[in-house]
Amino acid sequence: MIKTIAKPQEKKVMGCGECRSTCQSACKTSCTVGNQSCERVTREEKIERK
Amino acid sequence: MIHVFNYRDKNYIYDVGSASLHECDTPTADFLKAKELGQDVDITYITDEQIAEILSDVEGLKSAGLLGKDEVKAYPMKSDEVKALCIHICHDCNFRCRYCFADEGAYHSKRESMNLETAKAAVDFLIQNSGKRKVLEMDFFGGEPLMNLDVLKATVAYAKEQGGKAGKKFLFTTTTNALLLNDETIAFFNAEMENVVLSLDGRPEVHDAIRKTVNGKGTYALIIDKIKKFVQLRGEKSYYVRGTFTAKNLDFAEDVVFLAREGFDSISMEPVVTDLEDLKLTEEHLPAIEAEYERLCEKYLAMHEAGEGFNFFHFNIDLEGGPCLSKRVSACGAGNEYFSVLPNGDLYPCHQFAADKEFYMGNVWEGITKPQIREKFKNSCLFTREKCGDCFAKFICSGGCNANNYHFCGDIDTPYEMTCAMMKKRIECAMHILAEKKRLKSSENL
């Protein structure tokens with residue numbers, strides 16, 4: 001039995017650079033890009049929800 | 001490439017090429033470990049009927065592009081546009097923390113503050129070198145940035161003014177030890193800072209053992225109420241209470257939980273980077289650290305289920321809407337899109353390289369005068385890190401921190417295995433949490 005938990009959505013944008021630098025998100029020593037979300041998509045979703 | 005792992009009684013498959021996460025039963029996990037990964041796992045107990053079912057599931061996922069998907073192997077060159085500056089607004093500190101990588105604020109040089117002329121030149125440098133970028137970042141760092149508050153405030157005002165003229169939006173961050181937080185600074189931060197990182201190590205005795213005043217006294221009692229007040233007034237804006245764990249508190253899950261119970265809902269806890277014998281983390285600590293991340297994971301989930309959930313930076317993972325592939329592959333932007341500016345205006349790849357003369361890159365008036373250093377950082381990406389090639393975590397960690405790699409292995413492209421091991425454990429915990437949260441949500445909807 002295999003059950004899919006998560007799969008990536010198609011990205012609307014690539015490499016727009018609007019996300020924060022990884023190092024400036026929280027840690028300043030052990031950065032993990034995958035701990036962040038795409039800020040542009042997150043922001044656009046917030047606008048859509050309003 | 002696939003990564004098959006178990007977390008306690010749960011089995012997971014992470015498909016690196018598609019970034020999909022699947023849960024499976026033990027026969028499926030064992031079968032894939034033996035047949036796909038070549039591991040020495042007993043699969044004689046699996047029946048022919050079960051094998052047929054496994055193969056059918058695998059084929060279905062492969063057809064859907066969710067298993068064994070080809071990985072991206074090439075990536076376009078990075079641009080020369082500068083995106084962010086770490087402004088060392090003050091190379092002095094009102095704390096004397098033993099583990100400080102920055103030599104307790106002085107960076108192995110004289111204690112000094114940045115003047116406004118230099119800070120303005122840094123803003124101009126960023127705008128002039130940002131190309132088509134619309135969103136720029138400035139991170140006020142130290143030492144302790146609040147020791148140079150007037151210049152910090154004037155720099156923010158100048159950046160907003162100049163950014164407005166140039167069609168750029170500035171996002172500001174400050175990292176502070178919180179000692180000088182008061183009503184005025186809290187109001188200023190809440191009005192202007194996109195993110196604020198507040199240093200607090202957890203339980204009072206853990207914090208006070210390392211983070212001391214210039215007179216050698218513990219600082220917990222001096223800052224806790226200030227941080228609580230700040231968070232109370234922060235509203236929806238971003239902040240992190242950020243701790244550091246050392247060999248002295250390998251039970252750091254207790255510190256994270258302590259911070260959460262103190263009312264902080266956005267927490268990060270980072271492994272120390274130090275040469276101090278009694279504090280540094282070594283490979284012999286690794287089993288205890290990995291076990292502690294699991295313990296933290298269990299506590300995190302229990303609190304989430306009890307309605308006391310909080311955000312722990314390293315347990316965030318967004319496989320559905322996470323960063324684009326471009327960001328995942330380009331790795332850390334230090335030395336190319338991100339620089340540190342010292343109080344005298346000198347440019348370095350990032351704060352962890354600051355004042356290491358070998359990495360001096362130029363200054364905010366003349367720009368980059370050592371293009372060969374920038375080329376090295378610009379050409380570095382996930383695919384130049386050979387050791388990352390067969391790692392399941394590569395598109396999540398992007399090959400790690402340039403400075404960490406350099407300081408431990410002598411090369412920005414060679415990841416430090418101790419850091420990798422901690423990273424991989426945190427990612428497995430994060431994936432388990434993702435699955436458990438989905439399970440909880442679907443049971444609530446029943």
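Student: In which sense do E1(A) and strand E3 of chain B pair, and over how many bridges?

Tutor: The model is a predicted one. Within it, A:Lys3 stands opposite B:Glu23, a residue of E3(B). E3 of chain B covers residues 20-24. Its pairing with E1(A) is antiparallel, over four bridges.

Student: Which element gives the most to the side of chain A that touches chain B?

Tutor: In the contact between the chains, 35 residues of chain A meet 57 residues of chain B. The element that gives the most to this side of chain A supplies five residues, numbered 2-6. That element is strand E1 of chain A.

Student: How do the residues of that side of chain A divide into nonpolar, polar and charged?

Tutor: The side in question is the one that touches chain B. Its residues divide into six charged, 14 polar and 15 nonpolar.

Student: Is A:Lys7 exposed, partly exposed or buried, and why?

Tutor: A:Lys7 lies in the loop between E1 and helix H1 (39-49) of chain A. Beyond its neighbours within four places in sequence, A:Lys7 is in contact with B:Ser18, B:Ser20 and B:Leu66. A residue is buried at 20 or more C-beta neighbours within 10 Å and exposed at 12 or fewer. Because A:Lys7 has 17 C-beta neighbours inside 10 Å, A:Lys7 counts as partly exposed.

Conventions
Residues numbered from 1 in each chain as written. Chains lettered and ligands numbered in written order. Predicted model: local features only at pLDDT ≥ 70, side-chain atom pairs only at ≥ 80, totals over all residues. Contact = placed C-beta atoms within 7 Å. Helix = DSSP H or I, 4+ residues; strand = E, 2+ residues; numbered from the N terminus. Nonpolar A, V, L, I, M, F, W, Y, C, P; charged D, E, K, R; others polar. Pairing = 2+ DSSP bridges.
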